[in-house]
Amino acid sequence: MFKHVVKALMIMALSVSLLSGCAKSEIGNISLEAGESGVYIHKDGVVEYEIYEDFGESYYDKKDLKKKVKDEIDSFNAGGASKSLDAAKLNYFGVKDKKVKVIIEFKSTSDFVNYLVECNEEENSTTFIGKISDAVSAGIPFKGEFAEISNSEATGEVAKGKEIREMDLNVIAIKEKMKVQLDSSVKYISQNCEVKDNIVDITDSEQTIIVYEEAK
């Protein structure tokens, strides 16, 4: 959604200036560099999604950009699989020092997944948040080895995908480079990411699996 809006607006030769609200401009303990995105999944299922982009030139008008972002959120809420007029809301929009930041809040993990599939053009077959058993039924692939995590550090032990499939735990399956923070405990991660200070850093856009124990 937002990423596609920004790309479309970059062809417009308009001015840049500051636009920000009183809402918080960070999510969790995630620190992003320009060009990165982050997700904070709260224990109650609420999801905050932060997008931070770098712009070297003055291409767009602040009011037009914010309107387009809000219009696309409204469109998502009104159609598709969101099933709620308040499934997503714009929590923060700011442009400063030739960088733009957007924070969108989703009522549930399913709303966030639907957003990724419908608006960020992720694949249904590789995007999922929920119980491992449901992920297996949905066709999520569990391939290769997974590093065991304890107290936000790799233990050096690994588990095979077929072992992960049998666990009574939860999983995030995604194909997007981003940083992920959970209120829950991370138990296993696939090989293309790492954990530091309870934040999972996904280092490429290949299939990523994060196995976690739901917070009580």
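The chain contains 5 helices and 13 strands. The model is predicted. Of its 216 residues, 46% count as buried. The accessible surface of the chain is about 10900 Å². Carbon and sulfur atoms hold 45% of that area. Among contacts between residues at least 6 apart in sequence, 63% join residues at least 24 apart.

**Aromatic pairs**

The structure has 6 aromatic pairs. One of them joins Y49 and F112, and this pair is edge-to-face. It links distant parts of the chain. Y49 lies in strand 2 (residues 47-54). F112 lies in helix 3 (residues 109-118). Y49 is buried, at 0% relative accessible area. F112 is buried as well, at 2%.

F106 and Y115 form another pair. Its planes meet at 50°, so the pair is tilted: edge-to-face needs over 60 degrees, stacked under 30. F106 counts as buried because its relative accessibility is 0%, and the cut-off is under 20%. Y115 is also buried, with a relative accessibility of 0%.

The geometry of these two pairs is as follows.

| Pair | Centre to centre | Angle between planes | Class |
|---|---|---|---|
| Y49 and F112 | 5.3 Å | 65° | edge-to-face |
| F106 and Y115 | 5.1 Å | 50° | tilted |

Which residues do ring pairs link into a cluster? They are Y49, F76, F106, F112 and Y115.

Methods. Residues are numbered from 1 along each chain as its sequence is written. This is a predicted model: local features need pLDDT of at least 70, side-chain atom pairs count only at pLDDT 80 or more; totals for chains, interfaces and linings use all residues. Side-chain values use heavy atoms; hydrogens and water are left out. Helices (H or I, at least four residues) and strands (E, at least two) are DSSP runs, numbered from the N terminus. Buried means under 20% relative accessible area, exposed over 50%, partly exposed in between (1.4 Å probe, protein chains only). Contact means heavy atoms within 4.5 Å. Accessible areas come from the Shrake-Rupley method with a 1.4 Å probe; for residues, only the protein chains shown count as cover. Rings of Phe, Tyr and Trp (its six-membered ring) pair if their centres lie within 6.5 Å; planes under 30 degrees apart count as stacked, over 60 as edge-to-face and the rest as tilted.
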